[in-house]
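Hi everyone, thanks for making time. Have a look at the model on the screen, and I'll walk you through a few parts of it.

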Amino acid sequence: MGCWRDLAQTERDGTIDLGDAIVLPGLVNAHCHLDYTDMAGQFPPPKIFSDWLKLITTAKGHWSKPDYATSWINGAQMLLRTGTTTVGDIEAMPDLLPEVWNLGGLRVMSFLEMIGITGRREPGEIVQEALGKIDSLRAGRCCAGLSPHAPYSTLPQLLTLSANAARQRGLRMCVHVAESRQEFEMFVHARGEMYDWLRRSTRDMSDCGLGSPVRASTALRSVGGESPGSTRKSRRPQAMQACLPNERFTLFTVRAVMNISATAAFRSDAS
Ligand SMILES: [Zn+2]
């Protein structure tokens, strides 16, 4: 297969009857967590989002690097089997790169996950570590970007530093925004299960009670915007949000996600 103009005349002349089949370009999964593939079905359905977060955090503590690698590969093979050839993947285990990139024909945009709520590690140090990893990777069919995990699981400075670095370097960035009702309660009203849990974890909660997580992310310029010096022709967004919710969205959330996803980073990647 290839572009029409690149195909030899002999290939153009032939006719192949595939029968009852559809030929279509490879599908794009804009948001995935391949390294968690093998966790599927391990947890009972949680009643609230923060309980699910605690379950997955505990499970991660028991996994080794080979566990993550096997899980990543299983997820990649699942995508390829079902017609997806391009994926935006959040990498909780950046050490798997670049080896896993070379294990199949998948085109991967790997977003290096950054989490930090206690300030025990300086946000600048966390971002620099991710940028150093990106610099060590040779971009080709696969390449890397940044993923400050979410407004609730990071400090505002980490979001701002990540967004600035992404804009300066022309990197793509992925942030989870407005995933759950608890996140809304935390940012809008400074209350609820997530608020109480993170406050007990010594997160600085002074960014709560000021507005929705979408508003908070926008204020920190971690969603939307364009690269400095971008022209009308080359404009492209720097952020996207696409993680599936495991709770009912409010209408406002759906609208917010649609607005952000409308500028999804993969707009120009399929070419
Ligand atoms: Zn996600």
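Let's start with helix H6, where the buried residues are Gln-182, Glu-183, Phe-184, Met-186 and Phe-187. Buried here is a count: 20 or more other C-beta atoms within 10 Å of the residue's own, with exposed at 12 or fewer, partly exposed in between, and C-beta atoms placed from the backbone. Helices are DSSP runs of H or I with at least four residues, strands are runs of E with at least two, and both are numbered from the N terminus.

And what do the buried residues of H6 pack against? They pack against helix H2, residues 49-61, and also H7 and H8.

Quick housekeeping. This is a predicted model, so to speak of local features we need a pLDDT of at least 70, side-chain atom pairs count only at 80 or more, and totals for chains, interfaces and linings use all residues. Residues are numbered from 1 along each chain as its sequence is written. As for pLDDT, that's the predictor's confidence in each residue, from 0 to 100. The chain averages 81, and 80% of the residues score at least 70. Over residues 231-271, though, pLDDT stays under 50.

Back to H6. Just after it, Ala-190 has a positive phi of about 55°, and it isn't a glycine. Ala-190 is in the loop between H6 (181-189) and H7 (193-200). Is Ala-190 buried or partly exposed? Partly exposed, because it has 15 other C-beta atoms within 10 Å.

Further along there's Thr-202, another residue that is not a glycine and has a positive phi, about 70°. Thr-202 lies in the loop between H7 and helix H8 (213-219). Thr-202 counts as exposed, because 11 other C-beta atoms lie within 10 Å.

Now the whole chain. The secondary structure comes to nine helices and six strands, and buried residues make up 35% of the 271 residues. The largest nonpolar core has 50 residues, and Leu-112, Ala-130, Leu-146, Leu-158 and Met-173 have the most contacts inside it. By nonpolar core I mean a set of buried Ala, Val, Leu, Ile, Met, Phe, Trp, Tyr and Cys residues joined through C-beta atoms within 7 Å. Setting aside neighbours within four places in sequence, Ala-130 is in contact with Leu-112, Met-114 and Leu-146.

Next, a helix pair. How do H4 and H5 pack? H4 (residues 123-136) and H5 (residues 156-169) pack at about 35°, with axes 9 Å apart. Those axes are lines fitted to C-alpha atoms, for helices over the stretch in contact, and angles run from 0 to 180 degrees between N-to-C directions. On the H4 side, Pro-123, Gly-124, Ile-126, Val-127 and Leu-131 meet Gln-157, Leu-158, Leu-161, Ser-162 and Ala-165 in H5.

Last stop, the loop between strand E2 (84-91) and strand E3 (107-114), where you'll find Pro-98. A cis peptide bond joins Leu-97 to Pro-98, with omega about 5°. Arg-107 sits in E3, and its contacts beyond four places in sequence are Thr-85, Thr-86, Arg-141 and Cys-142. The C-alpha atoms of Arg-107 and Gly-88 are separated by 8.7 Å, with the two residues 19 apart along the chain.

Notes
Contact = placed C-beta atoms within 7 Å.
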